[in-house]
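Here's a quick briefing to read alongside the model. Have the structure open while you go through the points below.

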Amino acid sequence: MDKVYRHSGVFFRSILESRIKMVKERMLTVRRFCKTDSEQASAVLCKAFKSFMGNRFDTIMTAYYSAENLLKQVSSLKDNFGESAIFVAEENEKVVGVVKASATSGGLGSFDYVGVDPDSSARGIGSLLMSAAETFWIEKKQRKIITCVSAHNKKAIIYYLKHDFIPEGYCRDHFREGVDEIMLCRFLKPKLEGA
Ligand SMILES: CC(C)(COP(=O)(O)OP(=O)(O)OC[C@H]1O[C@@H](n2cnc3c(N)ncnc32)[C@H](O)[C@@H]1OP(=O)(O)O)[C@@H](O)C(=O)NCCC(=O)NCCS
């Protein structure tokens, strides 16, 4: 019996060690944005949005996702009626994804933007960032979350549907001429007692 325990201990330790090795090798973490992330986060967002906007990625978008504007955003994340949070996914000390989520005192939150470095796409990073946003909304007791997605951005439409967003409207030539937006929403399910 003693031998069995000793062997199972070795077995479980080796599983644990290989898991730790996997995490260390991957070194993928999601954490709050800090000011020193601004340049890398801006580069990731610009690359991600260019990947589906092409030459429609204009000077307004360049300015919105600039390092300077990200720093401005973090300096005003909270007021009397709401709060926003920016999270980054970091791999091997490099920012590979960024998300901004907001919450309001009335319970209507928003998923403001998300961008994953196209070289790291389809590896679960967007889903990890969505989880960070979900935790934030739940903490802030949000009831409904809104966002929108460009109608030609198929990858993101699938991403949102996978994460329980549903279409709520369609707006033609919305932020700019020639690009329609699909309005999406998601109702957060209240956690059942003891679940
Ligand atoms: C949309 C985006 C955030 C997804 O990030 P990601 O890290 O690639 O996503 P994940 O690997 O977590 O995949 C989540 C789901 O997205 C969908 N998805 C991701 N890549 C996809 C692809 N190449 N084709 C189709 N669906 C895809 C799938 O449903 C996937 O779930 P699955 O792996 O179980 O099939 C990323 O592609 C991106 O930054 N796009 C450019 C910016 C953008 O469009 N932002 C959203 C508009 S604000």
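Start at the end of a helix: just after α2, G54 takes a positive phi of about 55°. Keep in mind that this is a predicted model.

**Helix α2**
- α2 has 16 residues and spans 22 Å from its first C-alpha to its last, close to the 22 Å expected at 1.5 Å a residue.
- Its buried residues are S38, A41, S42, V44, L45, A48 and F49.
- Why do they sit on the same side of α2? They cover an arc of only 165° around the axis, so they end up on the same side of the helix.

**Nonpolar cores**
- The largest nonpolar core has 29 residues, and A41, V98, L129 and A133 have the most contacts inside it.
- Which elements each supply at least two residues of this core? They are α2, β3 (82-91), β4 (94-104), β5 and α5.
- A133 touches V99, A101 and F111, leaving aside residues up to four places away in sequence.
- Another core lies apart from the largest one; it has six residues, among them C148, V149, Y160 and L184.

**Around the ligand**
- The ligand is surrounded by 22 residues, and the closest are S121, G126, S127, A156 and Y159.
- α2 (38-53), β5 (108-116), α5 (125-139) and α6 (154-162) each put at least two residues into this shell.
- Which element gives the largest share of the shell? That's α6, with five residues.
- Sorted by class, the shell around the ligand has 12 nonpolar, seven polar and three charged residues.

**The chain as a whole**
- The chain has six helices and eight strands.
- Reading from the N terminus, the elements go α-β-α-α-α-β-β-β-β-α-β-α-β-β.
- Of the chain's 195 residues, 25% count as buried.
- Take the contacts between residues at least 6 apart in sequence: 59% of them join residues at least 24 apart.

Conventions:
Residues numbered from 1 in each chain as written. Predicted model: local features only at pLDDT ≥ 70, side-chain atom pairs only at ≥ 80, totals over all residues. Near = placed C-beta within 6 Å. Helix = DSSP H or I, 4+ residues; strand = E, 2+ residues; numbered from the N terminus. Nonpolar A, V, L, I, M, F, W, Y, C, P; charged D, E, K, R; others polar. Core = buried A, V, L, I, M, F, W, Y, C linked by C-beta atoms within 7 Å. Buried ≥ 20, exposed ≤ 12 C-beta atoms within 10 Å, placed from the backbone. Contact = placed C-beta atoms within 7 Å. Expected span 1.5 Å × (residues − 1). Arc of directions from axis to C-beta.
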